[in-house]
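User: I would like to go through the terms used for this structure and see what each one rests on. Please set each value against its definition.

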Amino acid sequence: MSIKFDKDKKLFHLFNKNFSYYFYINDANILEHLYFGAFLKNIDINEITNLGDSWGRHYLTKDNKEEVYKSHFTKDMSYLELGSFGTVDKRPAPIIIKNKNNSYYTDFKFLKFKIYHNLEEKEDFPLVFSKSKVDRLELTLKEVTRDIYLKLNYVVLDDVNTIIRYVKIISKEEGNFLTKVMSFELDLAKQNYNLIHFYGDWSFERNPELIKINHGYTRFSSFFGRSGHEENPSIIYLRDDTTEDYGECFLVNLIYSGNFLIENYVDRYDNLRILCGINDEALEIPLKKNEEILLPQVALTYSNNGLTALSQSSHNFIREHVIRSKFVHKERPILLNSWEGCYLDFNTQKIKRYIEGAYKVGANLFVLDDGWFTNRNTDFNGLGDREIEKEKINLKELIDYAHSLNIKFGLWFEPEMINLGTELYKVHPEYALRKAGVDIGLYRHQLVLDTSNDEVIDYLINKISYFLDNFNIDYIKWDHNRYLADVYSKIHPNASEGYLYHLITLGVYKLFNRLTKKYPDVLFEGCASGGGRFDLGMLYYTPQIWCSDETDPIQRTYIQYGTSFVYPLSTMGAHISKNQITSYKTKGEIALLGTYGLELDPYTLKDDEIQEIKEINGIFKEFHLDTVVNGDLYRLYNPFTSNLFGVNVVSKDKRKAILLLINYRKDNNKHRYIKFKGLDEGKVYKTNLENKCYSGDFLMKNGLNLSKWLNEFESFFVTLKEIDK
Ligand code: DGJ
């Protein structure tokens, strides 16, 4: 049991052995937040709610039709589970509902609750799942001025130190609009909390940036129509003294792929309010009578032992409760992708040679990227019709050829997009999201399809199914090469932009849901101009996502390192490319810390380079599944703050481990001992360093001696395998 209710105190305790989350129903029927932190067996409500000089802590209410003053509570000073709008609480409100008279006053009070032992499931919407029994608390609240109800849900996933929170809105009357609806709120004393957010750009994704949370607003958001390169929908909050191995921190991560907002506000009392949910910009969701509106879930993960433990919990959470693909715990194929080798310039013969080359370098999945369909010799045209360009390729012949060599075959799609020159656009211009009469931004010469329209979804399902039904396709790379702007939908002509973006995202989920359910044996990899839609909504459907178009291995160490704070290594598409900055050995070692594969013309490889790659393939086969796919990551050296990149990854049973260290600037013969983390101190491990053996104890306490001259971008890769007793 991980949710307890104390009837006398009207107190809820959500917990596992590592954390506690307390709130209670106060006399005003408001849910007052009390505590979130390390496990705490008991709390004293009065002790926590005594907030100093309480000149303001009373309110006027009706008691038996008489107006009376009550004391000890006022909304503006207290920590709340759900703030209000238009009341004395001037912090940002989580939910704002506009009524027909243009009033936005919104205040929910507690009505009832129930504890369930199952999780909700909904077709077409990413919701966490669990193989074991879990507790779910659902509280029903009523808006005080209207017949509108809110169901506030909490799920405790005690195996991974995560609480899921989400809301559903049900209106029993017409004429209201949701103009803000944040799934998550956490009020706490700011004290010494800072935050790390993950900002970026194309080829520059998920840079961790540590900032102080100041008074007033600190907001992170996307209005790009997708979660985006620019900002990831996840934030880590940490104390001043928190390090990788020590201290308190927590992660807020939204399970959603569209426009989002994470809003932080510190008020005059030094209270920090954190809100997270879909972006409220230009948002007006009409509340239809009796329709239940489900909003995205937010995962709140806690660590009292530093950032590494937080990341490990997050990785476990994602692998166990988010990614629903059957591939999640499986060995991934070694992939050779055609993109950087030949871009759009190929024919059947050339691709056959690539497949043969894939065979020679030891890959077991070949992926034909962009360019295989009609009118796609440039990126000005072709997206939409999705007919095979027969002059260019014979798809069946290629697939048969790959399969004859025991190589799986994958194909690139960019389902959500359309070019203006296509037949589809001629026949169905309304399938594209486009605002009439304005200058439109044509990023990558393309428009976005209107996935808020079910007809468009059916069209896409039919088109893609044709390929999956008629060709033996084992893998799909699902790209998304522009962000959304100038949106207008013919079938939702009156939808506000913010709402339309949400409807489009819901349509994207329909599409992913139907295809991934229909073809469970196909491995899907997400992608969005590199890693522009790397979020939990996408991971629900695709077990891996191309991490970035930046294939310079050194640049990539930063991107993979940044991504690792939140997302498991096994989700990060990572390939060896032609880039000459480092040896193939080093490129391979970096790609090994992701899904692993290659992205080049295999015929440009010299024999010794193929040999280097084959050696890395050997490590992949022996170590990747137990460490990278299913193990625990430990960050050792932070490239953003030191001259080294360093991580080690340990299998769950601690029998295997790998370590990668990369030196950036040339470094003299300094005395260095590289300390591993997370090994079993009682085990003896054989290394790949001339087969030398070391105890886990020694490796963690003293560390490996690396007192030598380190060249620019020199890498140091160690494998450990327990010696059988
Ligand atoms: C962007 C992706 O990130 C690349 O890997 C490649 O698939 C191109 N799109 C193809 O257009």
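Analyst: Ala, Val, Leu, Ile, Met, Phe, Trp, Tyr, Cys and Pro count as nonpolar, Asp, Glu, Lys and Arg as charged, and the others, Gly among them, as polar. The model is predicted.

User: How do you know which classes make up the lining of the largest cavity?

Analyst: The lining consists of Gly 225, Ser 257, Glu 416, Val 448, Leu 449, Thr 451, His 480, Leu 484, Ile 504, Thr 505, Val 508 and Arg 533. By class this gives five nonpolar, five polar and two charged residues. Helix α8 (residues 497–518) supplies the largest share, three residues. The space in this largest cavity is about 60 Å³, and the structure holds eight cavities of 30 Å³ or more.

User: Why does Phe 260 count as buried?

Analyst: Buried means under 20% relative accessible area. Phe 260 has 1% relative accessibility, so Phe 260 counts as buried. This residue lies in strand β18 (residues 260–266).

User: What makes Ser 227 a contact of Phe 260?

Analyst: Contact means heavy atoms within 4.5 Å. Ser 227 is among the residues in contact with Phe 260, as are Phe 220 and Leu 254. The 6.8 Å between Phe 260 and Ser 227 is a C-alpha to C-alpha distance, and 33 residues separate them in sequence.

Terms used
Residues numbered from 1 in each chain as written. Predicted model: local features only at pLDDT ≥ 70, side-chain atom pairs only at ≥ 80, totals over all residues. Heavy atoms only, no water. 1 Å grid on protein atoms, 1.4 Å probe; cavity = no way out; pocket = protein on both sides within 12 Å on 5 of 7 lines; lining within 4 Å. Points joined across faces, edges and corners; volume = space filled by probe spheres on them. Helix = DSSP H or I, 4+ residues; strand = E, 2+ residues; numbered from the N terminus. Buried < 20%, exposed > 50% of the residue type's maximum accessible area, 1.4 Å probe, protein only. Lists of a residue's contacts leave out its neighbours within four places in sequence.
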